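Colleague: I am new to this structure. Could you go through the terms used for it and say what each one rests on?

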Amino acid sequence: MTDRAISDLGGLTGGPIDISEHQPTLSERRIDAMMMLLRKKPQAFWVTDENRRTIESLEPKAYEESAYYERWVLAIRALLIEKSVLGEAEIEAKLAEVRARPAGYTREDQR
């Protein structure tokens with residue numbers, strides 16, 4: 001038997017699955033929009049299969065500890081780097097800039 005992918009849970013006991021509907025959070029909607037823009041043709045940066053591969057290749061701990069949309073963000077980051085759209089240093093610099101913003105910062109504060 002071959003090893004299972006981290007996402008292959010078929011036949012395993014995993015506890016109950018919450019199938020209730022919920023309103024997506026602002027962050028979830030933004031992540032979804034970002035994914036749609038990055039996959040929009042004709043300038044798509046990747047296809048669904050690449051995204052799935054990237055999510056399924058996450059370290060088991062990162063996969064298990066991340067929520068659904070957090071996995072999307074990790075995949076987006078990895079694919080942008082893999083495709084040389086952005087570099088690790090560029091991403092880290094922007095993250096440092098965002099983290100340094102004061103609480104309550106808005107776009108109007110940029111002006």
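Modeller: This is a predicted model.

Colleague: Which residues meet where H2 and H4 cross?

Modeller: From H2 they are Glu 50, Asn 51, Arg 53, Thr 54 and Ile 55. From H4 they are Arg 71, Trp 72, Ala 75, Ala 78, Leu 79 and Glu 82.

Colleague: What makes Thr 54 count as buried?

Modeller: Buried means under 20% relative accessible area. Thr 54 has 5% relative accessibility, so Thr 54 counts as buried. Thr 54 lies in helix H2 and touches Ala 75, Ala 78 and Leu 79, leaving aside residues up to four places away in sequence.

Colleague: How do you know that the buried residues of H2 line one face of the helix?

Modeller: The buried residues in H2 are Glu 50, Asn 51, Thr 54 and Ile 55. Viewed down the axis of H2, they fall within an arc of 135°, so they line one face of the helix. An α-helix has 3.6 residues a turn, so residues three or four places apart point the same way. The cover over the buried residues of H2 includes H1, H3 and H4.

Colleague: What puts the buried residues of H4 on the same side?

Modeller: In H4, Tyr 69, Arg 71, Trp 72, Ala 75, Ile 76, Leu 79 and Leu 80 are buried. Their arc around the axis is only 165°, which puts them on the same side of H4. Their cover includes helix H1 (26-38), helix H2 (48-56) and helix H3 (60-65).

Colleague: How do you know that the length of H4 agrees with what a helix should span?

Modeller: Helix H4 runs over residues 68-82, 15 residues that should span 21 Å at 1.5 Å a residue. The end C-alpha atoms of H4 are 21 Å apart, so the two agree. After H4 comes Ser 84, with a positive phi near 60°.

Notes. Residues are numbered from 1 along each chain as its sequence is written. This is a predicted model: local features need pLDDT of at least 70, side-chain atom pairs count only at pLDDT 80 or more; totals for chains, interfaces and linings use all residues. Side-chain values use heavy atoms; hydrogens and water are left out. Helices (H or I, at least four residues) and strands (E, at least two) are DSSP runs, numbered from the N terminus. The expected span of a helix is 1.5 Å times one less than its number of residues. Buried means under 20% relative accessible area, exposed over 50%, partly exposed in between (1.4 Å probe, protein chains only). The arc is that of the directions from the helix axis to the C-beta atoms. Contact means heavy atoms within 4.5 Å.
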